[in-house]
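Please look over the sequence and the model below before reading on.

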Amino acid sequence: MLTKTDFRSVTGTQKAAMLMLSLGEDHAMRIFTMLDEDEIKELSQSMANLGSVDADMVERLFVEFTEKISATGSLGIVHQAGNISVGLLAAILRRRSEAAP
């Protein structure tokens, strides 16, 4: 269960879980179809263990990803995807896999 108050201590998987839960079922299902089995399992476990998340934490999450995507010039890719949530989560997962050892 997420009890952290320091946004910097939230893991990439927890951030992806927060985003998925905040998107709602329809958008989340579209994203799940683009993930492989291991990613689905990891993300689902994180979503199940997340617990309640403060609204300020979710807002900070969206601000962070908007800033990162804008800074990398990936906003065009997000727009082409036709759905900003799909583009955002793809960027989150890409960054998480790049950061993994």
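Which residue follows α1, and is its phi positive or negative? The residue that follows α1 is Gly24, and its phi is positive, near 95 degrees. This is a predicted model, in which local features need pLDDT of at least 70 and side-chain atom pairs count only at pLDDT 80 or more, while totals for chains, interfaces and linings use all residues. Residues are numbered from 1 along each chain as its sequence is written, and side-chain values use heavy atoms, with hydrogens and water left out.

**Helix α1**
- Helix α1 covers residues 12-23, where helices (H or I, at least four residues) are DSSP runs numbered from the N terminus.
- From its first C-alpha to its last, α1 reaches 17 Å, close to the 16 Å expected at 1.5 Å a residue, the expected span being 1.5 Å times one less than the number of residues.
- Because 9 of its 12 residues are buried, α1 is largely enclosed by the rest of the structure; buried means under 20% relative accessible area, with a 1.4 Å probe and protein chains only.

**The largest nonpolar core**
- A nonpolar core is a set of buried Ala, Val, Leu, Ile, Met, Phe, Trp, Tyr and Cys residues joined through side-chain atoms within 4.5 Å.
- Of the 18 residues in the largest such core, those that touch the most other members are Met18, Met20, Phe32, Leu43, Met47 and Leu61.
- Two or more residues each come from α1, α2 (25-32), α3 (37-49) and α4 (55-72), and the largest share, 6 residues, comes from α1.

**Glu64**
- Glu64 is found in helix α4 and is buried, with a relative accessible area of 15%.
- Not counting residues up to four places away in sequence, Glu64 touches Phe7 and Lys15, where contact means heavy atoms within 4.5 Å.

How values were computed. Buried means under 20% relative accessible area, exposed over 50%, partly exposed in between (1.4 Å probe, protein chains only).
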